[in-house]
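Take a look at the sequence and the model below. A short report follows them.

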Amino acid sequence: MTAALVRALGDFDLAEELVQEALLEAVEHWPREGIPDKPGAWLLTTARRKAVDQFRRQARFREKLALLEGASMRDDTAEGDDRLRLIFTCCHPALSREAQVALTLRAVAGLTTTEIARAFITSEATIAQRIVRAKRKIVDAKIPYRVPAARDMGERLEEVLAVLYLMFNEGYLATAGERASRRDLAEDAVWLAGLMVRLMPEEPEALGLLALMRLHLARADSRFDDDGNLVLLQDQDRSRWDRERIASALAVLQRAAALRRPGQYQLQAAIAACHTEAASWEATDWRQIVALYDALLELMPSPVVQLNRAIARRYRDGAASTLPEVDALREALDSYYLFHATRAELLRDLGRDAEARAALARALELTANLAERTLLQRRLG
Amino acid sequence: MKYVLLFGETKERAKQWESMPEAQRQAAYAPINQWFEKYGSKITGGHELQPERTATTVKFNNGKPVVTDGPFIEGKESIGGYAEVTVADLDEAIEMAKGWPTGGLVEVRPVVDRGEPQR
């Protein structure tokens, strides 16, 4: 049995330690509950679970954890179903988004309240209270503990994926000063997305989200320079992108595409994939990216998606024809910093410098994110 | 598990509803009646409420009751009625609320269960 664990973990000392712990637990449980039908399997499952618990807090073991989880899911579907019930309950739409996030991190990813509080730069008491309230609502309002029925599955899965994506962005978009503690959150979200994929391997949007997260993370190291300043995609050192992670993301995206049910995460991942496949910024296939945004707009016709499409069009068609399209979004996006930052870029391209500076100043008013502010300030000169 | 579904609508909608010609109102009731029929076995009580202009609020100021005109919920919405439903869990109550035919808003509230005998 130790061998089986060593194979999965590649760490003999740890495997042995876990087997010892599993045996201890057996000594405790078996006299009370009787010897299980397959004692060996019981021990292995217990040891694995202990390994999972240990690894969950150690980012560098995450990849191994994935292997381990994959192995244990296959021979233990009951445990898998239980996990899934837990996830859907934590992400029930009757709970607030922040409660869903905290509860999922606590109950599914096994983070402590302290760890969650640190990740969200808030007090432990706040997180503890958020979790207690959510649990109370689950009990008092009788939120059922189950995997949703087929007819609700689309909607409910969307909710779970939205929770995971928010979690990811909290970590991924964190600025330099906060990065150390918050980047982990992105890793946790990737782990959870991987779990969803293992539990629901036929759901293309779960695959799409996993691919999207991996593609973002593959570029994470090049997003900031040594001084902690934000580096835009066009200026990033592409040799620093994690090619292995990109390849794994593309494989996942292919699996999703084979299921022939496109969705927003798959399309966003496809857009990110276009960028990672381009050897340089100049070699970017903007025609393809604009086409993908068109498809995304059909699914979610939001002004922010329109803005992103316009940004891509700028590189395909030039600033002169793009500016009116961006200007048309003013009413919807007037308080969004990226709207003004985009206008500033377009106006500068067109030599309308005074207007560009005014737009930049407006963008600066609208973002509190330090890295974004620094970038805008540099442009203002 | 018992829940109360509170049916809310914007005050504007409530006024439109009231000023509707009788024939039109009857027609507008049809889908609501269908909803009550569909879930008849789960609905254990409820009423449509008269418009907000008929409401009277008794407010206690330092323990002294003061009678005032109007509802106590101030806002853009008003409550047009409620239904008490007995279902397995929140998902089932939400399912019913989602099927509410006139739009607006439906608040789903679990009822406190102290294990009292049914009256």
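Predicted model: local features only at pLDDT ≥ 70, side-chain atom pairs only at ≥ 80, totals over all residues.

Residues are numbered from 1 along each chain as its sequence is written, while chains are lettered from A and ligands numbered from 1 in the order in which they are written.

**A helix in chain A**

Helices (H or I, at least four residues) and strands (E, at least two) are DSSP runs, numbered from the N terminus. Helix α12 of chain A holds 16 residues, 243-258. The expected span of a helix is 1.5 Å times one less than its number of residues.

A residue is buried if 20 or more other C-beta atoms lie within 10 Å of its own, exposed if 12 or fewer, and partly exposed in between; C-beta atoms are placed from the backbone. In α12(A), the buried residues are A:R245, A:I246, A:A249, A:V252, A:L253 and A:A256. They cover an arc of only 125 degrees around the axis, so they sit on the same side of α12(A). The arc is that of the directions from the helix axis to the C-beta atoms. On the other side, A:R243, A:E244, A:Q254 and A:A258 are exposed.

Two residues are in contact if their C-beta atoms, placed from the backbone, lie within 7 Å. The buried residues of α12(A) pack against α11 (204-218) and α13 (264-277) of chain A. After α12(A) comes A:R260, with a positive phi near 55 degrees.

**Chain B**

Chain B has three helices and six strands. Along the sequence their pattern is β-α-α-β-β-β-β-α-β.

| Property of chain B | Value |
|---|---|
| C-alpha trace along principal axes | about 45 × 40 × 25 Å |
| Buried share of the 119 residues | 11% |
| Share of contacts with a separation of 6 or more that join residues 24 or more positions apart | 79% |

Two strands pair if DSSP finds at least two bridges between them. Four strands of chain B form an open sheet in the order β2-β5-β1-β6, with antiparallel pairing. Its edge strands are β2 (43-48) and β6 (105-110), and each pairs on one side only. Five bridges join β2(B) to β5(B), residues 77-86. Among the bridge partners, B:H47 faces B:Y82 in β5(B).

**Where the chains meet**

The contact takes five residues from chain B and six residues from chain A.
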